[in-house]
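I opened this model to see how the chain packs. My notes follow in the order I looked things up.

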Amino acid sequence: MVEAGPVPQIRAALERLAARAALLAGLRAGAGAVGGVSVGLLLASGIASAGGPPLLAAGVGITALLVGGGVGLIAPLVPAWRGRGDLLVHARLVEALRPELEQRLLTVAGRLIQPRGAAGPGSDLLLQRAARRAEGVLRDLPPARVYPLDSLRVPALIAAGALLLTLLAALFAPVGPVEALAMAVAPGGASVEAAAPVDPNVRAVVGDIELRYVFPAHTGNPPVTVKNSDGTIHAPVGTVVEVRARTLERYDHADLELDGQLLGPANLVAGRELLATLTVERDGTWRFALTRGEARVLSPDYKVEIDEDAAPVVALERPPGPTPAADAPLGVAFSVQDDFGVTKLAVEIEDEQGNLREVPLRELLDQPREVQGVLSLSPRQLGLPIGQRSKLRIVAYDNDVGGGNKKGASATLEVTPLGPRGQGERLEAYLRKLRDALVDVLAAHLLDPSPPAAEASAAMRWAEGAQGRLDEVARLRAAQWGDDGAGTLDGPLLDEVFADAGRLFRFVLTTWEPGSGRSITAADTAQVSALQVDLVLALEQAIYVIDASLRAVALQQLSEAADNVAAEARELAAVADKAEIGELLARLDQLTRMLDALNKAAAALSDADLKEFVNSRTGEASQLMDQIRAALEEGRVEDARELMKQLAEQLQQMSESLGDRMASQQQDADELKEALKKTLEGMEKLEADQRALAEQLRKEREALGDEVGEEVAAWAKIDKALRELLRQAEAFEAAVGDGRGYRIDVLRRAERAVGEARAVEAPVRGRDPVGALDRTLGATPLMEAARRLIGAEAARPRGPSEPTPAAQPAAQAAAAGAVAQLRELRALLEPMAEGGESESPEVQSAARKLSAQQSELAERREQLEGELRRVERALPTAQGKATAEMERAGESMERAQDALSQGEAMKAEGNQDAAADQVKAAREALQQALQQQQQQQQAQREMRGQQQPQGDPTGKDEGDPSVGPDHLLIPPPEAFRTPEAYRRALLEGMSGDVPEEYEALKQRYFEELVRQ
């Protein structure tokens, strides 16, 4: 057929389609080859990085490379090769895209593939007509629609992903893809017989050593590269070390040896570049064996040193006492440190027979390297037998999977848990010793003159000697509760004693210092006498409360013994008509022993009248019992029975008399509790009314156009900073203590700094910004100097007998906190001191109108103060703090009333807020005294070996004696799934109901918890 008309154009169009198809097939083949080669390289790198043999890694990689690359290359090209000259293949694709051709293009294409000159079916006229129609469609159809580039998307993505993975492996894998293949295919890759001759006198020169450590997963350490190394390998077991080095001369082959044994061939590139990999398993030496021709030369020997993954180190920070209560948390504080991580904590227990067992504590999923915690389980929860000695150790296990989870143990704790009776006996013995020690201290201070000395040198000698009077008290306290502990009964009492003693000694040391040139004034002697009185009163209070508890326990024990004796006597009288003489005599012997126990309980009484009463009645009972025995021995059974009835009636009367005394005491306690409740309610109402009046004054000012919002907010910040300043000053003073271990000039600076810091309170309460700023500016440099001097005390040289103050870090921290609050006060007060605007006549008039209401509140306060004074005197644990705070509130109310009368609204408002705060402080002090009374009663129950009874106002459960104000435990944050859950639990605890006597304690507890 002669091609004419549009037929040549159709041929050209179909050939272009064929060329495009071939191009796309070639691109797909290239992408497939790249993907296959990449897979091979990745396999080689993976096997080599995992520590597999280099030949295996290279063999698998090359095989996968050849097979994958070949398949990826050939698979797309085979179809393209088969249809390379078949125009019908492309015509069919066009027909499928353009159905309107109706086989015309296929007809033309069929004629085109026939040999030239061959006649096909149909006429040329029809063929030309079909060709014109097909040529028009082909002209409008882009080749990209027949063979789109979308067919390259999947192969291209696969190839790109494989290339990216290969690049990442080259950058981060312990052995890169090319390195893995080069270990077997590079020149010199063939293994050399170990028996090749070695020249012992020649060592190859190897330098530029680079070590790359890939640590085991359990260490959590990222890979580390050490350049210019001396060749020594330091690493834990399981570490993969990649070695790179350079030789001075060229060689044909290289091997890696460990302890003289051939590990395998090393990669030798260009005759000088060395690459090898070894896994650290033990201490030893490594080297290269280099071959050139027939000669074999060794490199220098390099050490392999194992970095041992040591067992965890467990340290005890606060051990318990040797005889803890069986149901109280042990409270053992501990810390754990490990090289790479801790997985588990437990308690190892050894009994008296040497048997060991473990009690799990925690599984640490995050495997931290440092752990701190507190063992809050009780001896009963740990399964420790009561009354038997057990050895405890806190143990921790590390995460060393390869070397086995090693165990570290703390020092051994020897504990003998005590049951309620044993714990009560121990507490009673401690309180008796403590009372006697405090009596000795009180006697010494009562014999001191006031002031203790007239001359400076004598006063200094007195202070240095008197400072040790409380050492025995401190020793008893530490032996009972530990260095950081305190009992619920004796803790607040002793804290007050130590605080008053510290104030007295610091004042004497800083005032009567010889050589200071300062003359002693009447005010100084009056102050030291007042401080002596405060200390004596604190000692008397502590002795009285402790002795009252011991007396109450003795009386209760006596009453119980009397009840038992009376019950035994009644039973003797009841069986007298039926029992044999021998049985009656045996019961009389039992009753005699019970009377002896009753006399022993009476001997512990300090009430002479009660002791005489009991001794008199028991003496009469003993005489009756002697008469009963005589009658029974003489056969006068009826007389003996009559005497037994008299004995039962007599002992019953004694028991009832003691019961009446107990009931009378309980009635007095109930009446006191009711009076306390009414007083607390009155104080709460007075505080609320005082705050309401201050708020009314603020609203009056705001209604009259006085800019009250910003001013009130500023004073609120100032009040907050002042409270924190006073708290830090108190903590600073407590940490300094009685001054032992500090130089006199440091104590003087500290005393003056604390006094100046406290002096800031008065002008702030009076809303005097100028006066408050002056006080703040004066106190700041003094407190800063005290902070520096206290810090210097830790490092200065000391004599062999001069003690180092144990609480020096706490004192320095408190001084730093006080300095920070003084600076904040200065920043807040300076803008207010510069303002100085006077109040408008309207505001002054409104203030004067509120004077009468303030006067009414002052009258109520005065009446409440009288009731409070009577209540505090009747409350054994009260120390007059509530009354003192109420007196301060009266002074603030008086200043507020004077300011209102003069129209000074801002000053009045400040004193009103101060009065409300002081009434609140008085209420909290009374609640604290009531709480201490409850703790006194609890201590009495503990001394009798009893648990807390149900329905007790402390809210403690009888079955759980560890729950109470002395064992308030909140779970750690890690016990909750989320921080929100922890905060929710905290808020629930803050909003929970407690008895009114514990309200102040709960508030302080949660404030401190939130502050942390």
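**Core packing**

I started with the largest nonpolar core, which has 79 residues. Leu431, Leu438 and Phe732 touch the most other members of this core. I then looked up which element gives the largest share, and found helix α13 (residues 522-575) with 12 residues. I keep in mind that this is a predicted model.

I picked Leu438 and listed its contacts. Leaving aside residues up to four places away in sequence, Leu438 touches Val473, Leu494, Leu539, Ala542, Ile543 and Ile546. I note the general background: in soluble globular proteins, nonpolar side chains tend to be buried together.

**Whole-chain numbers**

I stepped back to the whole protein. It has 1012 residues, and 45% of them are buried. I counted 27 helices and 20 strands in its secondary structure. The accessible surface comes to about 50200 Å². Carbon and sulfur atoms hold 53% of that surface. I also checked contacts with a separation of 6 or more: residues 24 or more positions apart account for 73% of them.

**Strand β5 and its partners**

Is strand β5 (residues 240-247) largely enclosed or open? I found 6 of its 8 residues buried, so the rest of the structure largely encloses β5. I then looked up its partners. Strand β2 (residues 206-214) is joined to β5 by 7 bridges, and the two run antiparallel. In that pairing, Val206 stands opposite Thr247. Strand β9 (residues 273-279) also pairs with β5 in the antiparallel sense, over 7 bridges.

**The β10-β11 hairpin**

I moved on to strand β10 (residues 284-292) and strand β11 (residues 295-298). They run antiparallel and are joined by 4 bridges. The two form a hairpin with 2 residues between them. Gly293 sits in the turn and has a positive phi of about 65°. I looked up the bridge partner of Arg292 and found Ala295 in β11. Arg292 turned up again in my search for charges over rings. It lies over the face of Tyr251, at 4.8 Å from the ring centre. The search also gave Lys344, which lies over the face of Tyr397 at 4.5 Å from the ring centre.

**Aromatic pairs**

I found 4 aromatic pairs in the structure. One of them is Trp286 with Phe288, an edge-to-face pair at 5.5 Å centre to centre, with 90° between the planes. Both of these residues, Trp286 and Phe288, are buried. Trp286 also pairs with Tyr302: the centres are 4.7 Å apart and the planes stand at 35°, so I logged the pair as tilted. This pair links distant parts of the chain, with Trp286 in strand β10 and Tyr302 in strand β12 (residues 302-306), 16 residues apart.

Why do I call Trp286 buried? Its relative accessible area is 1%, and the cut-off for buried is under 20%. Tyr302 has a relative accessible area of 8%, so I logged Tyr302 as buried too. Trp286, Phe288 and Tyr302 form one aromatic cluster.

**Glu428 in α9**

I checked Glu428, which has its place in helix α9 (residues 420-447). Is Glu428 buried or exposed? At 14% relative accessibility, I count Glu428 as buried. I then listed its contacts, again without residues up to four places away in sequence. Glu428 touches Leu550, Gln557 and Met943.

A cis peptide bond joins Ser450 and Pro451, with omega about 0°. Pro451 is in the loop between α9 and α10 (456-466).

I also looked for positive phi in residues other than glycine. Asp208 has a phi near 50°. Asp208 lies in strand β2, and counts as exposed at 54% relative accessibility. Ala270 has a positive phi as well, near 55°. I placed Ala270 in the loop between β8 (267-269) and β9.

Notes: Residues numbered from 1 in each chain as written. Predicted model: local features only at pLDDT ≥ 70, side-chain atom pairs only at ≥ 80, totals over all residues. Heavy atoms only, no water. Core = buried A, V, L, I, M, F, W, Y, C linked by side-chain atoms within 4.5 Å. Buried < 20%, exposed > 50% of the residue type's maximum accessible area, 1.4 Å probe, protein only. Contact = heavy atoms within 4.5 Å. Pairing = 2+ DSSP bridges. Areas by Shrake-Rupley, 256 points an atom, 1.4 Å probe, with all protein chains shown as cover. Phe/Tyr/Trp six-rings, centres within 6.5 Å; stacked < 30°, edge-to-face > 60°. Lys NZ or Arg CZ within 6 Å of the ring centre and 35° of its normal.
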